[in-house]
Amino acid sequence: MNSQSKGTLESRISNALTHFEKEHLGRGPKEARAFIIQDMVLIRLKGVLTPAEENLAAKEGGAHLIKDIRTRLIESSRPLLEKILKEATGCDVISMHTDISSRTGDRIHGAGSRRARIRAAAKPRPCSGGRVS
């Protein structure tokens, strides 16, 4: 892991996920924020739904359809997301969890480490082969 502050690393992760959303899914979030909490990275993306998806969410069955499609898109993009997180944290990804709210248009991504805490102090210790899940 690079020797950078926790805030700098969180910002780097947020920017990388925003870039992913724009380039891979065609539209970025209105706001993105990453949080490093011990051995986890949580990323909150606000306003990821398109206007068409927002309209569809109001229809019967629309919310379920949006969640299903968005979940499948993220799962098919998993190798790229894992690479983004590994480049930012220096740890391999074991598992990743994501959910989207069709009501608010927010998406949450979560990843964590089983073996080593994600360190973002001024003089961080290496992950020692730790893996981010």
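The expected span of a helix is 1.5 Å times one less than its number of residues, and helices here (H or I, at least four residues) and strands (E, at least two) are DSSP runs, numbered from the N terminus. This is a predicted model, where local features need pLDDT of at least 70, side-chain atom pairs count only at pLDDT 80 or more, and totals for chains, interfaces and linings use all residues. Residues are numbered from 1 along each chain as its sequence is written, and side-chain values use heavy atoms, leaving out hydrogens and water.

**View 1. Helix α1 from end to end.** With 20 residues, α1 should span 28 Å, and its end C-alpha atoms agree, sitting 27 Å apart.

**View 2. What's tucked away on α1?** Buried (under 20% relative accessible area, 1.4 Å probe, protein chains only) residues of α1 are L9, E10, I13, S14, L17, T18, F20 and E21. Their cover includes β1 (31–37), β2 (40–46), α3, α4 (78–89) and β5 (107–112).

**View 3. Zooming in on T18.** T18 lies in helix α1 (residues 6–25) and counts as buried because its relative accessible area is 15%. Skipping neighbours within four places in sequence, T18 is in contact (heavy atoms within 4.5 Å) with G28, P29 and A32.

View 4. The protein's pLDDT (the predictor's confidence in each residue, from 0 to 100) averages 82, and 82% of the residues score at least 70. Over residues 119–133, though, pLDDT is below 50, and this stretch has 52 contacts in the model beyond near neighbours in sequence.

Notes: Buried < 20%, exposed > 50% of the residue type's maximum accessible area, 1.4 Å probe, protein only.
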